[in-house]
Amino acid sequence: MAQATLTRKDAAASGPEPVRRPRGRRHRGEDLTKILFVAPAALAMLALFGYPVVKNLMMSLQDYGLRTFFTGQAPWVGLRNYSAVVKDQLFSQAMVNTALFTIGSIAFQFTVGLALALFFRRRFPLGGLLRSLLLLPWLLPLIVSSATWRSILEQDSGILNRSLTWLGVIDDPVPWLNSPSVALIAVIGVNIWIGIPFNVTLLYSGLSEIPDELYEAGQLDGATGWQAFRFITWPNLRAVASVLLVLGVVYTIKVLDIILGLTGGGPANATQTLATQSYERSFIDFKFGEGAALSNILIAISLAFAVLYLRATRRAVDE
């Protein structure tokens, strides 16, 4: 009895128990706070990216031409624009040129960029200065780079042909930008030159994150040179390389200004790609619906490649 009385007195002295908020209500408040923080960014993404994509998709399904700006009418045509661009005789050539341009650019950009990143990983005098100078091609405006390379590759007065003739490598000037058999190679070469600094920067950053202790442990096990690259460098660099390749393909497949600045899609449509075809349909022929259809095809190809490649990479990492 006395113990029960003491317990009641202690409870009375300690005061009333604090009222605890229900756990579910607290979590709902936290979720609402998170949504409020994310909402402005989501609205900005929808306004800046979502609306143009939807508008482009709608244009590709309409007869959207020059007269639309005067009449405000764009009749619904369904998939007629897609059928028109796919049946065009230049579509297959543009697809092949786009594939060659993308594969050739990405392969050499990544290979040369990785070699230079491995070279710059070794510490030597003026290494930081050389890395900084290597960024210049990437920092220059693309139209400036195109104009510069156009003067370099000029058939009669270009410094490249003059240098090769002086060295005895060629007897006659090479029509780098005027020959259908050479023009695409020249355009790919210029795009490789522009894209190497981006590859070097990302790959060098990835190499810098690999601990030196792994190489020291590998040397104890006899892993040096190629074996160190195969079993230490590449597995730790795979994530960076995957992102770099995806970004490279998405960027390269839609390159327009370099081709327009060098060849304009010629000669004889030898450098026509899906991007240049979309530009010509929209801003030269003023068939905006067909131009939007071509750009949507580019988006679909880029998205498909990104999904397939990332899934394959994730599967390889999991295994």
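Predicted model: local features only at pLDDT ≥ 70, side-chain atom pairs only at ≥ 80, totals over all residues.
Which helices each supply at least two residues of the lining of the largest pocket?

Residues are numbered from 1 along each chain as its sequence is written, and side-chain values use heavy atoms, with hydrogens and water left out.

**View 1. Lining of the largest pocket.** Helix 2 (23–60), helix 14 (274–283) and helix 15 (288–318) each contribute at least two lining residues; helices are DSSP runs (H or I, at least four residues) numbered from the N terminus. Helix 15 gives the most, with eight residues. A pocket is an open set of points on a 1 Å grid over the protein atoms alone, where a 1.4 Å probe fits, with protein on both sides within 12 Å along at least five of seven lines; lining residues have an atom within 4 Å of a point.

**View 2. Centre of the largest pocket.** The pocket holds about 520 Å³ of space, the volume being that filled by probe spheres set on the points. Among its 18 lining residues, Asn56, Ser278, Ser295, Leu298 and Ile299 lie nearest the centre.

**View 3. Helix 8 and helix 10.** The axes (lines fitted to C-alpha atoms over the stretch in contact, with angles from 0 to 180 degrees between N-to-C directions) of helix 8 (residues 142–152) and helix 10 (residues 183–208) come within 11 Å and cross at roughly 135°.
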